[in-house]
Amino acid sequence: MSQRKRSRGSGFTQGDDDDFSVVPTQTPSQVQRNLESRSQEEINRKVTELVQFLLVKDQKKIPIKRVDILKKVIREYKDVYSEIVNRAGRTLQQVFGLQMVEVDTKHHIYILTSSLPRVEGENLKQDIQTAKLGLLIIILSFIFMKGNSAKDSAVWEFLRRLRVQPGEKHEVFGDVKKLVTEEFVRQKYLEITPIPLTDPPEFNYQWGLRAAKETSKKDVLSFVAKMQNKEPSFWISQYNEAKANT
């Protein structure tokens, strides 16, 4: 029997996409048992990663293959695939007004379409927290890739491309600008400082003290690399900085 090369550290074999194309059929009780075997933090992290992965694909208008979702995001969490996808779907609906639609049932290919149905109760409460975390990670990633400092105009233009408009009342976040410039700053996730001698006033966004404690530049770079389908070493400056801060 021929052997296929294993990818380092992943626990999966390289080769056919078939390894990732099949999602095990499970009863609700089986899914529940699998969920109980994992921490809530692990599940939330995967939900956030999937939301960000889908948004990047949507920004480029690239059809989304289930095999890519499994390979690049879900990986060893296939046993709770349905729960992760369902939670990510609710977040996309409430936060970004998008719905994940399967357009090719044979090859399991999806696109995101505009939709803004309401979700209420505990599901909404959980999704709001996941969405806030996702928004924060996106901002922190952008700042790091810009050299650890980004002008406010650049940050908001980037968020607009992800369908988050600072000047409009958001379905979930409410006042997005207040969330970013007040709540995230108060929580020490972001530090915003005025740029001298600018008229109208401009500001620099940097990581706050809490962000530096709760995540790492290595993790952020790994996330960006995965989304861009590149190796972290592709960005030489950020790669060296992330290694130095390990």
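## A walk through the chain

Let's start with contacts, meaning heavy atoms within 4.5 Å: among those in the chain between residues at least 6 apart in sequence, 58% join residues at least 24 apart. Keep in mind that this is a predicted model, where local features need pLDDT of at least 70 and side-chain atom pairs count only at pLDDT 80 or more, while totals for chains, interfaces and linings use all residues. Residues are numbered from 1 along each chain as its sequence is written, and side-chain values use heavy atoms, with hydrogens and water left out.

The chain has 11 helices and eight strands; these are DSSP runs numbered from the N terminus, with helices being H or I of at least four residues and strands E of at least two.

Now look for the open sheet of three strands, ordered β4-β8-β7 with antiparallel pairing. Its edge strands, β4 (150-151) and β7 (190-194), each pair on one side only. Two strands pair if DSSP finds at least two bridges between them, and β7 and β8 (residues 203-207) are joined in the antiparallel sense over five bridges. Ile 192 stands opposite Tyr 205 in β8. Helix α8 (residues 176-186) lies across β7 and β8, at about 120° to β7; axes are lines fitted to C-alpha atoms, for helices over the stretch in contact, and angles run from 0 to 180 degrees between N-to-C directions.

In the loop between β7 and β8 you'll find Ile 195. Leaving aside neighbours within four places in sequence, Ile 195 is in contact with Lys 151, Glu 202, Phe 203 and Asn 204. Ile 195 and Lys 151 are 44 residues apart in sequence, yet 8.8 Å apart in space, C-alpha to C-alpha.

Next comes the largest nonpolar core, with 59 residues. A nonpolar core is a set of buried Ala, Val, Leu, Ile, Met, Phe, Trp, Tyr and Cys residues joined through side-chain atoms within 4.5 Å. Helix α6 (residues 121-145) gives the largest share of this core, nine residues. Domain 1 (28-114) and domain 2 (128-215) both contribute residues, so the core lies between them; the domain bounds come from an automatic or database domain assignment. Leu 135 is among the members that touch the most others. Not counting residues up to four places away, Leu 135 touches Leu 159, Val 164, Phe 173, Leu 179, Val 180 and Phe 184.

Terms used. Buried means under 20% relative accessible area, exposed over 50%, partly exposed in between (1.4 Å probe, protein chains only).
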